[in-house]
Amino acid sequence: MWVYVYEGNEGFLDVNETIKVDDGQLFFQNDSNKETMYTWNRINNSWATIKAPVLTSNESKVQLLPGGFYHRLIRLDSMNCNVWNKCNASGAGSGSYYSLRQSINVYSSSGNLHTTIHSSTYDIVFAYGYGYTKASSPAEISGSGVGIRVYGYRNRTTGVVTKFNGEYYASELYKNAPTSYAVNTL
């Protein structure tokens, strides 16, 4: 499932105010029905299913309340570059980089710990075409964090990007508020 970042005001997605979203919140796009997205609803402590018309390959829109304004959902690999100009170098590794609030573990596709990206020194890089999870439903996204495909990491001081050779996934805790994600989506 592709991972999207909500860009908009804090608010509710339904009239009954039972699904709350915050700026920077992660949404997951259903692989077989691109208009269906899932996000963690901290009010009910459960996954919420959202309908969001797909606009382009990397951007969708979501309406907080019927008749209300639409807000953007931008794919993780595009968000920081498109909105905040935190773009990775052009070419094969282009995409977005994000600061980290805490160090984040990176796992191989078989689930073995590969390395830790340290938040004090590095940013995490999601090149274009990265930033998805192998999960195919909300039930497969656990509270301990299903990995998001990651390109590599960027040295904050030098700007040098190190690419992971192979298929690697960064662990993220989706059930936290966006202000508590390891990856700084705000």
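**Exercise 1. Find which residues Tyr-98 is in contact with, leaving aside its neighbours within four places in sequence.**

Solution. Start with the rule: contact means heavy atoms within 4.5 Å. Leaving aside neighbours within four places in sequence, Tyr-98 is in contact with Val-5, Leu-76, Met-79, Asn-80, Asp-123, Ile-124, Phe-126, Val-183, Asn-184 and Thr-185.

Before going on, two notes on the model. It is predicted: local features need pLDDT of at least 70, side-chain atom pairs count only at pLDDT 80 or more, and totals for chains, interfaces and linings use all residues. Residues are numbered from 1 along each chain as its sequence is written, and side-chain values use heavy atoms, with hydrogens and water left out.

**Exercise 2. Decide whether Tyr-98 is buried or exposed, and describe its ring pair with Phe-126.**

Solution. Step one is accessibility: buried means under 20% relative accessible area, exposed over 50%, and partly exposed in between (1.4 Å probe, protein chains only). Tyr-98, at 0%, counts as buried, and Phe-126, with 1%, is buried too.

Step two is the ring rule. Rings of Phe, Tyr and Trp (its six-membered ring) pair if their centres lie within 6.5 Å; planes under 30 degrees apart count as stacked, over 60 as edge-to-face and the rest as tilted. By this rule there are ten aromatic pairs. One of them joins Tyr-98 and Phe-126: 5.9 Å centre to centre with 70° between the planes, an edge-to-face pair.

Step three is location. Helices (H or I, at least four residues) and strands (E, at least two) are DSSP runs, numbered from the N terminus. Tyr-98 lies in strand 9 (residues 95–98) and Phe-126 in strand 12, so their pair ties together parts 28 residues apart in sequence.

**Exercise 3. Say which residues touch the most other members of the largest nonpolar core.**

Solution. A nonpolar core is a set of buried Ala, Val, Leu, Ile, Met, Phe, Trp, Tyr and Cys residues joined through side-chain atoms within 4.5 Å. The largest has 29 residues, and those touching the most other members are Leu-26, Phe-28, Tyr-98, Ile-104, Ile-124, Phe-126 and Val-150. Elements that each supply at least two residues of this core include strand 1 (2–7), helix 1 (76–84) and strand 10 (104–108). A second, separate core of 13 residues includes Trp-2, Tyr-4, Ile-19 and Met-37.

**Exercise 4. Give the strand order of the six-stranded open sheet and explain why one side of strand 6 is left without a neighbour in the sheet.**

Solution. Two strands pair if DSSP finds at least two bridges between them. The order is 6-5-4-1-8-7, with antiparallel pairing. Strand 6 (46–51) and strand 7 (59–63) stand at the edges with a single partner strand each, so one side of each has no neighbour in the sheet. For a closer look, six bridges join strand 5 to strand 6, and Thr-39 stands opposite Ala-48 in strand 6.

**Exercise 5. Trace the partners of strand 14 (residues 152–155).**

Solution. On one hand, four bridges join strand 14 to strand 12 (residues 122–127), running antiparallel; here Tyr-122 stands opposite Asn-155. On the other, three bridges join strand 14 to strand 15 (residues 161–163), also antiparallel, and Arg-154 has Val-161 as its bridge partner. Strands 14 and 15 form a hairpin with five residues between them, and Gly-159 in the turn has a positive phi of about 80°.
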